[in-house]
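Hi,

Here is the model I promised to pass on.

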Amino acid sequence: MLAANWSTRLYYSSILLLSLLLSSCRPAQPDASQSEKAWWKEVVVYQIYPRSFKDSDGDGVGDLKGIISKLDYIKSLGVDVVWLNPIYSSPNDDNGYDVSDYRNIMKDFGTMADFDALLKGMHERHIKLVMDLVVNHSSDEHKWFQESRSSRQSPYRNYYHWWDAERGKPAYRYSLFDINHDAWKWDSVSNAYYLHYFSRKQPDLNWENPRLRQEVYDIMKFWAGKGIDGFRLDAFQFAAKDTSFPPFPQGYEKNFIEYYAMGPHLHDYLREMNQEVFSKYPVMSVAEGAGKSFKDAHELVDADRHELNMAYAFEGVDIAKPEGYTLAHFKEVFSRWDSAFAQKGWLSIFLANHDQARMVSRFGNDSSAFRDLSSKMLSTFIMTMRGTPYYYNGDELGMTNARFGQIEDYRDVSALNEYQHQKNTGGDLQKFIQRLRFESRDNGRTPFQWDSTAQAGFTTGKPWIGVNPNYTWLNAAAQEGDPNSCLNYFRKLTKLRKENGILVYGKYTLLDKDNPSVYAYTREMEGKKWLIALNFSAHTAEAQVGLNTTNARLMLSNYTAASGPARKASALTLRPYEAVVFQLP
Ligand code: NOJ
């Protein structure tokens with residue numbers, strides 16, 4: 001979830017409901033995804049949250065020089081692309097997702113010279129760079145907004161959405177991060193309301209204004225001209241709006257995906273962006289979100305649409321709840337998405353990002369007995385599914401939720417504002433903190449654990465957010481030297497995927513569908529067949545894979561004994577959280 005509060009959970013989890021409703025399966029057809037090969041389908045994307053990755057100057061905040069100092073580490077992972085969360089100038093109301101200057105680097109992170117050195121260092125190592133493009137909204141400290149708010153006559157007025165107060169209050173719009181969940185903020189300077197789907201410091205840009213759109217394309221060209229390799233479009237499905245702002249049906253105003261996503265002309269804007277930018281530079285593009293239905297998702301990414309390259313759908317990552325989740329649900333969701341994209345279009349595969357708590361704490365088992373195994377098992381899943389894997393920094397170590405127990409330890413605007421909202425409206429604050437411990441996005445934002453020295457080797461100063469105390473033993477240095485560590489297992493996975501196109505393009509088939517503990521599937525391509533079996537439980541479990549594995553070659557296992565699971569004619573007996581990848585004869 002975006003954050004551990006009720007408001008932001010709606011943002012992503014409503015996709016789940018809608019997709020379930022719209023899950024009409026397509027008739028079986030021969031698998032076509034292999035015919036349209038592309039570099040961005042074959043890469044592994046490693047996501048870096050710059051604020052928390054490595055601090056080079058002791059101010060407690062990660063920075064670009066810090067990332068530069070770790071380029072050899074990144075290269076050693078075997079990943080091909082780095083997606084950097086926003087690094088532009090920002091007052092950091094939402095850690096960089098509130099941009100005040102799109103052509104400059106955030107002071108905390110360094111300078112443009114640092115950026116150029118970073119890009120050069122990546123390219124020298126054959127690592128590509130994808131930047132976050134945050135243009136559903138800007139910061140209220142951006143000069144466009146400063147101008148826009150200054151008077152109703154400002155030439156920048158229409159860069160944002162304003163509603164003059166003498167027209168009365170505009171129809172209610174829900175805000176994901178606002179303390180009152182009200183997306184309209186009255187501004188005294190011109191006696192008008194402005195729209196902000198996120199925090200008050202993140203006013204929504206007016207995409208209906210062609211001048212604004214050209215400004216954005218120019219910004220994109222500026223970065224593409226520097227040689228970056230792609231864009232991730234933050235919250236873009238919300239960019240288009242019906243600017244008459246009609247009321248939404250009462251009781252449904254909070255249904256974020258249904259009423260706020262995929263507004264009028266969104267596809268026109270994307271096609272225009274494609275024509276202006278994507279078609280002119282060798283860059284990849286990925287949407288955040290995938291609309292309300294498979295139809296929407298296809299319309300965003302199918303090649304003949306000339307919009308974006310791949311969808312990034314949330315239904316899968318939304319499955320994990322504080323009360324748990326069922327493997328049946330997990331399998332059903334990932335299988336349904338795979339089947340919807342088997343013929344056309346392309347997906348991302350991920351279980352975590354900077355808006356989620358840690359993968360192993362949500363989907364695996366972070367107890368001392370099973371953290372290592374279950375983390376490797378989940379990594380095996382991500383790296384053996386069809387779609388481009390997006391792997392979040394720190395997950396290669398099996399980093400866990402920090403589970404901060406008091407609001408003072410949290411930094412995320414959505415958590416802090418929702419806490420205030422709960423307080424103002426008599427909510428149960430204890431219950432709210434319990435939720436944060438499980439799902440706050442700050443769990444995924446604690447400093448990267450490099451070694452066992454003070455502050456996990458992240459900074460020599462005071463980190464902007466607390467370090468997870470388990471850094472003393474859970475850190476990269478400790479795992480480097482251990483051939484069986486999560487870190488070295490992840491390296492084996494990237495190598496396996498890179499050397500075997502079957503894991504990228506191969507047809508996916510679910511096996512033993514109703515097995516409550518084991519997720520088993522095959523990947524097939526050019527007469528070859530691989531079997532992947534993953535035990536999602538803390539007990540031994542048998543999987544009826546219906547395939548004779550006695551002579552199958554074990555390509556990878558997260559258990560150290562080379563023998564792999566016990567094999568019968570058509571069944572496998574997997575140990576707790578065991579993950580195996582077989583090549584069938
Ligand atoms: C989605 C980003 O991933 C999230 O971190 C951010 O808070 C919102 N968009 C607003 O930009």
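Below is what turned up, starting with the sheet and moving on to the helices and the core.

Two bits of housekeeping first. This is a predicted model, so bear in mind that local features need pLDDT of at least 70 and side-chain atom pairs count only at pLDDT 80 or more, while totals for chains, interfaces and linings use all residues. Residues are numbered from 1 along each chain as its sequence is written, and side-chain values use heavy atoms, with hydrogens and water left out.

The sheet

There is an open sheet of seven strands with parallel pairing, in the order β10-β9-β5-β2-β1-β12-β11. β10 (284-287) and β11 (348-349) sit at the edges with a single partner strand each, so one side of each has no neighbour in the sheet. Helices here are DSSP runs of H or I with at least four residues, strands are runs of E with at least two, and both are numbered from the N terminus. Two strands count as paired if DSSP finds at least two bridges between them.

Strand β5 (residues 128-133) is largely enclosed by the rest of the structure, because five of its six residues are buried. Buried means under 20% relative accessible area, exposed means over 50%, and partly exposed is in between (1.4 Å probe, protein chains only). On one pairing, β5 runs parallel to strand β2 (residues 81-84) over four bridges, with V82 opposite L129. β5 also pairs in the parallel sense with strand β9 (residues 230-233), again over four bridges, and there D132 stands opposite R232. Elsewhere in the sheet, strand β1 (residues 45-48) and strand β12 (residues 388-392) run parallel and are joined by three bridges; Y46 has Y391 as its bridge partner in β12.

Helices and core

Helix α5 (residues 112-124) packs with helix α7 (residues 210-226) at an angle of about 50°, their axes being 11 Å apart. The axes are lines fitted to C-alpha atoms, for helices over the stretch in contact, and angles run from 0 to 180 degrees between N-to-C directions. The two helices are therefore oblique to each other (under 35 degrees is roughly parallel, over 145 roughly antiparallel, 65 to 115 roughly perpendicular, and the rest oblique). M112, F115, D116 and L119 of α5 make the contact with F222, W223 and K226 of α7, where contact means heavy atoms within 4.5 Å.

F115 comes up again in the largest nonpolar core: of its 175 residues, I74, F115, W207 and Y519 touch the most other members. Such a core is a set of buried Ala, Val, Leu, Ile, Met, Phe, Trp, Tyr and Cys residues joined through side-chain atoms within 4.5 Å. Leaving out residues up to four places away in sequence, F115 touches L64, I87, I105, L129, M131, W223, K226 and I228. A second, separate core has 15 residues, including L531, V545, L572 and L574.

Helix α10 (residues 294-301) is mostly covered, with six of its eight residues buried. Its buried residues pack against α9 (266-276) and α11 (327-340).

Two glutamates are worth a look. E276, in helix α9, counts as buried at 18% relative accessibility. E315, in the loop between α10 and α11, is buried with a relative accessible area of 0%.

Cheers
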